[in-house]
Amino acid sequence: MKGLVKTWIALAAGLLFSGMAQAADFSKLTYMTENYPPYNFSAKGVIQGISVDLLLAMGKQAGVPLKLNMIKLYPWARAYNQTLKGPNMVLFATTRTKAREALFKWVGPIANTDTVLLAKKGSGISISSPADMKKYTIGVVKDDVGEQLVKAAGVPAGKIKSSSKPTQVAQKLAKGGFSFLPMSKIART
């Protein structure tokens, strides 16, 4: 299966980020992201990436300089769930899907993305429809769009193995812990 879903990545906020008029409002927000290169990641203790650069540029354009120390790097499930509990939370970069549409106020898009199914080279796995996925055990990042899409495709809960970090999911795939995992085509773990 070439792509599980084609979506786009955006900034998601627990309140209307783009409509804020006063600089003081930006300082009251909590900015959260995950380690998901090339969009957002930490290298040598510095948070960086495409979406980090865009967030900082938005702040600068709005006349509100945001600083890197205002951004917290958390495992995806933690950042996602804290943002859902809001208010005053900004979660980036987030794949915008129909299921998530009403959960956030959206800023973006940042980029188009394809969520694809990754398997070990030589596995012989062939997926031509969502129903084919039900035969396999699938590794996912907890609360990630990949998990949500796999569940929406009807994969039984017992066939889905979740972990809190993309690197853990990739390592388990490499060790044969499951058959494949859904991930953005551009992301690197």
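Since five of the five residues of β10 are buried, the strand is largely enclosed by the rest of the structure. Helices (H or I, at least four residues) and strands (E, at least two) are DSSP runs, numbered from the N terminus.

β10 runs antiparallel to β7, to which five bridges join it; two strands pair if DSSP finds at least two bridges between them. Within this pairing, S184 of β10 is the bridge partner of T115.

## Basis of the model and overall make-up

The model is predicted, so that local features need pLDDT of at least 70 and side-chain atom pairs count only at pLDDT 80 or more, whereas totals for chains, interfaces and linings use all residues. Residues are numbered from 1 along each chain as its sequence is written, and side-chain values use heavy atoms, with hydrogens and water left out.

The protein chain has six helices and ten strands, and buried residues make up 43% of its 189 residues. Of the contacts (heavy atoms within 4.5 Å) between residues at least 6 apart in sequence, 67% join residues at least 24 apart. The chain exposes about 9700 Å², of which carbon and sulfur atoms supply 53%; accessible areas come from the Shrake-Rupley method with a 1.4 Å probe, and for residues only the protein chains shown count as cover.

In α6, the residues P166, V169 and L173 are buried. Seen down the axis of α6, its buried residues fall within an arc of 60°, so they line one face of the helix; the arc is that of the directions from the helix axis to the C-beta atoms. The cover over these buried residues includes β7 (105-119), β8 (138-141), β9 (160-163) and β10.

K175 lies in the loop between α6 (166-174) and β10 (180-184), and K175 is exposed, with a relative accessible area of 75%. The C-alpha atoms of K175 and K120, 55 residues apart along the chain, are separated by 9.4 Å. G176, which follows α6, has a positive phi, near 85°.

In soluble globular proteins, nonpolar side chains tend to be buried together.

A search of the whole structure finds five aromatic pairs, for which rings of Phe, Tyr and Trp (its six-membered ring) must have centres within 6.5 Å, planes under 30 degrees apart counting as stacked, over 60 as edge-to-face and the rest as tilted. The rings of F104 and W106 have their centres 5.4 Å apart and their planes at 85°, so this pair is edge-to-face. Both F104 and W106 are buried, and ring pairs link W76, Y80, F104 and W106 into a cluster.

## Residue T33 in β2

T33 belongs to strand β2 (residues 30-33) and is buried, with a relative accessible area of 0%. Leaving aside neighbours within four places in sequence, T33 is in contact with N40, I71, K72, L73, Y74, F92 and A93.

Terms used. Buried < 20%, exposed > 50% of the residue type's maximum accessible area, 1.4 Å probe, protein only.
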